[in-house]
Amino acid sequence: MYDTIEVNNASVVKLMKVVRREQNTSYEGMLESPFEPTEIYRVIQAGGRKKAPENDGLGREIYSHNWAILKDDLFEVINQVFWTGNISQQQKRGEVVFLPKAHGNQTPEDYRHITLLNSDYNILARIIAQRLRPVLADHLTEAQFCEVPGNTIIDAGATVRDTIAYAENGRIPLCVLSLDFKNAFDRITHNYLFQTLQGYGIGNAFIAGIKRMYEGPTSSVQINGHQYGPIPIRYAVRQGCPMSMAIYALCLHPFLHLLDLNLPGIRIGRRTRPTSVVAYADDVIIFVTSAADFAIIEDAIRLYERAPRARLNTRESKALAVGS
C-alpha cells in the first residue's frame with residue numbers, strides 16, 4: 001500500500017485540462033500570508049470537545065485552556081513548520097489504528113484504518129483545510145457535496161432521491177450507477193496531488209508548504225496493543241488528517257467534471273442544468289440515461305485510474321434501473 005507508484009503523466013495532463021480555472025483568479029494573497037494567532041485559535045476552538053488525544057497524548061483542551069501561555073510559541077511553531085520547512089520527523093509520524101466497519105469484522109477488509117497525528121501537525125492541517133475552502137467554492141462543480149461551502153451530505157442524498165423520484169414519476173429510462181473506489185484515499189499519488197493543486201492556480205509557496213508535510217512521513221501500525229513500524233508513506237492522503245478530505249475533493253474534481261461535461265444527465269423540474277453525477281467524498285453516483293453513456297463513463301474511469309492511480313472496486317459498485 002505504501003510503496004512508490006508510477007504515474008501516467010499523459011493522463012495527468014489530460015485531467016488537468018478539464019479543471020475549471022476562473023479567469024484572473026489568484027489565491028496568493030489569501031493563501032500565502034503568515035498564519036495569525038486568531039486563525040490558529042479559531043481552528044482549535046472549532047473542534048469537538050472530549051475527543052481522544054492525538055498520538056502525542058495532547059488533547060485539544062490543553063491548547064484551549066492554556067492559550068494565553070501557548071499562543072506565542074504555537075504561532076512560531078506553526079509558521080516555521082509550514083513556511084520554512086522546520087518540521088521534524090516526529091511531527092510527521094502517525095499512528096494507524098483500526099476500527100471495525102458496520103457490517104462485521106471477520107477479515108482485514110472489514111476494518112477501517114485511521115491515522116492519529118501529532119497535535120501540532122493536526123492543528124496546521126486544519127488551518128490549511130480552512131484556507132482551501134474558497135478554492136473549493138470557486139472550482140468544484142455542483143456535483144460535489146463534501147467540503148464545498150453551502151453543500152451537505154443531506155443535499156447529496158436529496159438530489160439522488162429527487163432524481164430517482166422524477167424518473168419514476170415520468171417513466172423516464174434511467175440507470176443509477178454507484179461507483180466505489182478501492183482504498184480511495186490511499187490511492188492518491190503525491191505527484192498527481194501537487195500537479196492538481198497547481199491546476200487550480202494555487203501559488204508555489206503554499207504548495208511547497210504542503211509538499212514539506214508530505215515529504216518522508218511515516219506511520220506505525222497498532223494492532224492488539226503492539227506497534228509495528230515506522231513505515232514510510234510514499235503516497236496517499238491520510239484518513240484522519242483534517243486536510244485530507246479537502247485535498248481528496250480537489251483531486252476527484254477533474255474526474256467528476258469530465259463526466260459532467262460529457263454526459264447528458266437528467267433535468268429535474270426547473271433546474272437550469274441537467275444532473276449527471278453526485279459525489280460525497282469517495283462515493284460517486286452517476287445518472288445514466290442511455291447505453292451510449294457507459295462508453296463515456298468507462299473512458300473517464302480508465303483515465304482516472306491511470307492518473308492518480310485510483311482503482312475501481314467492481315465488487316462494491318452497483319447499478320439500479322428506475323423509470324421505464
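Author: A salt bridge is a side-chain nitrogen of Lys or Arg within 4 Å of a carboxyl oxygen of Asp or Glu. The model discussed here is predicted.

Reader: What makes R302 and E298 a salt bridge?

Author: The side chains of R302 and E298 meet at 3.9 Å, N to O. The cut-off is within 4 Å, so the pair qualifies as a salt bridge.

Reader: Why are R302 and E298 said to be separated by about one helical turn?

Author: R302 and E298 both belong to helix α12 and are 4 residues apart, which means a separation of about one helical turn. Salt bridges with shared partners also join E298, R302 and E305 into one network.

Reader: Why is R302 called partly exposed?

Author: Its relative accessibility is 36%. Buried means under 20% and exposed means over 50%, so a value in between counts as partly exposed.

Reader: Why is the pair of F255 and Y304 called stacked?

Author: The ring centres of F255 and Y304 are 4.9 Å apart, and the planes stand at 25°. Rings pair if their centres lie within 6.5 Å, and planes under 30 degrees apart count as stacked; therefore the pair is stacked. This pair links distant parts of the chain, with F255 in helix α11 and Y304 in helix α12, 49 residues apart.

Terms used: Residues are numbered from 1 along each chain as its sequence is written. This is a predicted model: local features need pLDDT of at least 70, side-chain atom pairs count only at pLDDT 80 or more; totals for chains, interfaces and linings use all residues. Side-chain values use heavy atoms; hydrogens and water are left out. Rings of Phe, Tyr and Trp (its six-membered ring) pair if their centres lie within 6.5 Å; planes under 30 degrees apart count as stacked, over 60 as edge-to-face and the rest as tilted. Helices (H or I, at least four residues) and strands (E, at least two) are DSSP runs, numbered from the N terminus. Buried means under 20% relative accessible area, exposed over 50%, partly exposed in between (1.4 Å probe, protein chains only).
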